Amino acid sequence: MVNVSTVTEFLLEGFAEAWELRLLLSTLFLLMYLATLLGNLIIVTITTLDQNLHTPMYFFLRNLSITDMCYISITAPSACVNTLTDNRAISMVGCATQIFLVIFCACVETLFLTIMAHDRCVAICQPLRYPVILSHKFCVKSTLVSLVCSVIYATLHTGITFRLSFCGSNVVHQYFCDIPSLLKLSCSDTFSNKLFNLLCAMGVGGSNFVFIVTSYVRIFSTVLKFPVKEEHGKAFSTCVPHILVVSVFFSSGAIVYLRPPVKSGMIQDKIFSVFYTIVPPFLNPVIYSLRNKQVKEAARKVILGKLYLGKL
């Protein structure tokens, strides 16, 4: 029997019910969105224009910044507008598109963070082999493989989710379309979907997380063997920002997708969703620009160069 959905559109929830709180949160998230776009755009511009930053580390940082701009643009602007205008409706196609794009960007982000951990591990543990292992060919190939794998992963999740029937309530208790919220609305048997999501989260997310943790265990064990304490600080200052972003991204995503459904946990779901869809893209430019001397120096040279050309 072919499943026929009686729901033609979904109604998304805003950030809050009270108008004052809706206005406050929408303004806050809109400012975070604009700051994210500006910060990541600066990183993309700097790492593109400055020849000294044409290294694998900054190649992947540039890719991560592009991904972050796309990632946050899928949910934040529409959520802010919907919350302020109370226009909560989203079509079935629009919901499917949003789920596909969110999963695609989240998967790309996961793979890029993993590759960046590998990059730092090779740079610190095998510095003499770094140019060979992290060659330009490897960087391009790993980026393309990440994009292709993410398309396949997102397509599978979206297709399996929208094979279900939605014939009850159409109110999505979230500020964007996500799989856990839709599974709660389905009148079909969702056991196979939940099992598939669990296996994918454990397989893809878990394996990448283990690889990242293993990489940093190797990094820290190598750093502690350095005779000069200044080198300890330099290595740790490079790795700590990456660890912070990874921790926020993986922990909040895992809580949303792996914990059992709780009817009273809708507000918590929104909070955790903010921490894996809005906060990581916002943190990346702040961390990498404020803590990285090379990026700050490159930014200074680019700005001074533009000012100098402007006076000619």
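**Fold, disulfides and a nonpolar patch**

The protein has 11 helices and three strands, in a model that is predicted.

Biologist: In what pattern do the helices and strands follow one another along the sequence?

Modeller: The protein holds 11 helices and three strands. Read along the sequence, these elements give the pattern β-α-α-β-α-α-α-β-α-α-α-α-α-α.

Biologist: What percentage of the contacts with a separation of 6 or more comes from residues 24 or more positions apart?

Modeller: The protein has 312 residues, and 46% of them count as buried. Among contacts with a separation of 6 or more, the share from residues 24 or more positions apart is 78%.

Biologist: Is Cys177 buried or exposed?

Modeller: Cys177 forms a disulfide with Cys95, with the sulfur atoms 2.1 Å apart. This pair links distant parts of the chain, since Cys95 lies in helix H3 and Cys177 in the loop between strand S3 and helix H6, 82 residues apart. Buried means under 20% relative accessible area, and at 1% Cys177 counts as buried.

Biologist: What is the handedness of the disulfide of Cys167 and Cys187?

Modeller: The sulfur atoms of Cys167 and Cys187 are 1.9 Å apart. Cys167 sits in the loop between helix H5 and S3, and Cys187 in the loop between H6 and H7, 20 residues apart. The torsion about their S-S bond is about 140 degrees, so the disulfide is right-handed.

Biologist: What is the pairing of the bonded cysteines, numbered in sequence order?

Modeller: The structure holds two disulfides. One joins Cys95 to Cys177, and the other joins Cys167 to Cys187. In sequence order, the pairing is 1-3, 2-4.

Biologist: How far from Cys70 is the nearest cysteine sulfur?

Modeller: Cys70 counts as partly exposed, at 40% relative accessibility, whereas Cys105 is buried at 5%. A disulfide requires sulfur atoms within 2.5 Å. Cys70 is in no disulfide, and the nearest cysteine sulfur, that of Cys105, lies at 5.6 Å.

Biologist: Which helix gives the most to the nonpolar patch?

Modeller: The patch covers about 590 Å² and is made by Phe191, Leu195, Leu198, Leu199, Met202 and Leu258. Leu198, one of these, is partly exposed at 38% relative accessibility. Five residues of the patch come from the helix spanning residues 191-223, which gives the most and is helix H7.

Note on methods: Residues numbered from 1 in each chain as written. Predicted model: local features only at pLDDT ≥ 70, side-chain atom pairs only at ≥ 80, totals over all residues. Heavy atoms only, no water. Patch = residues over 30% accessible without salt bridge, like charges linked within 9 Å, V, L, I, M, F, W, Y side chains within 5 Å. Areas by Shrake-Rupley, 256 points an atom, 1.4 Å probe, with all protein chains shown as cover. Salt bridge = Lys/Arg side-chain N within 4 Å of Asp/Glu carboxyl O. Helix = DSSP H or I, 4+ residues; strand = E, 2+ residues; numbered from the N terminus. Buried < 20%, exposed > 50% of the residue type's maximum accessible area, 1.4 Å probe, protein only. Contact = heavy atoms within 4.5 Å.
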